[in-house]
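I opened the notebook to look up pockets and aromatic rings. The entries follow in the order I made them.

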Amino acid sequence: MANEPRVLIIEDHDALRAMLFAILRHQPLAVDTAGTLSAALERVSTCDYALILIDMNLARDGAEKFFDGFRRIRPESTSFIIAVRDPKHDVFIDPDLVSAVVNKPLEIDTLADVVREC
């Protein structure tokens with residue numbers, strides 16, 4: 001697993017985070033998860049992830065705060081970032097950081113395809 005690209009799942013709902021982990025661990029990836037903003041920032045401070053999957057509807061503007069912290073911690077990062085959003089909620093998605101957008105409810109095949117593309 002040491003040679004596999006690492007992916008970080010940032011999701012504050014335990015069940016969805018576990019489901020995403022179960023889906024992505026079947027890909028040729030090493031998978032880490034974070035359920036809070038502080039955990040996510042701690043993870044990116046110690047690892048330059050190939051891929052980050054982030055819930056854009058994190059509590060208390062968590063996604064926006066994550067992006068601010070990510071820019072500060074990893075200004076030269078080449079991480080692919082997939083934003084997962086609820087299309088019923090208006091959220092700002094930074095086109096300079098986000099590589100792809102996936103709408104909720106997630107379809108497993110669509111998510112797997114987007115991850116493979118990234």
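What volume does the second largest pocket have? I read about 160 Å³. The model is predicted, so local features need pLDDT of at least 70, side-chain atom pairs count only at pLDDT 80 or more, and totals for chains, interfaces and linings use all residues. Residues are numbered from 1 along each chain as its sequence is written, and side-chain values use heavy atoms, with hydrogens and water left out.

I noted the terms. A pocket is an open set of points on a 1 Å grid over the protein atoms alone, where a 1.4 Å probe fits, with protein on both sides within 12 Å along at least five of seven lines; lining residues have an atom within 4 Å of a point. A volume is the space filled by probe spheres set on the points.

I listed the lining of the second largest pocket, which includes I10, D12, T36, R60 and K65. This lining divides into 4 nonpolar, 3 polar and 3 charged residues.

I then turned to the largest pocket, with about 180 Å³ of space. Among its lining residues are M56, D61, F67, R71 and F92. Its lining holds 6 nonpolar, 1 polar and 5 charged residues.

Next came the rings. I found 2 aromatic pairs (ring centres within 6.5 Å). F66 and F70 form a stacked pair, 5.6 Å centre to centre with 25° between the planes (stacked means planes under 30 degrees apart). Because F66 and F70 are 4 residues apart in helix 3 (residues 62-73), about one helical turn separates them. Both F66 and F70 are buried (under 20% relative accessible area, 1.4 Å probe). F66, F67 and F70 make up one aromatic cluster.

Methods:
Nonpolar A, V, L, I, M, F, W, Y, C, P; charged D, E, K, R; others polar. Phe/Tyr/Trp six-rings, centres within 6.5 Å; stacked < 30°, edge-to-face > 60°. Helix = DSSP H or I, 4+ residues; strand = E, 2+ residues; numbered from the N terminus. Buried < 20%, exposed > 50% of the residue type's maximum accessible area, 1.4 Å probe, protein only.
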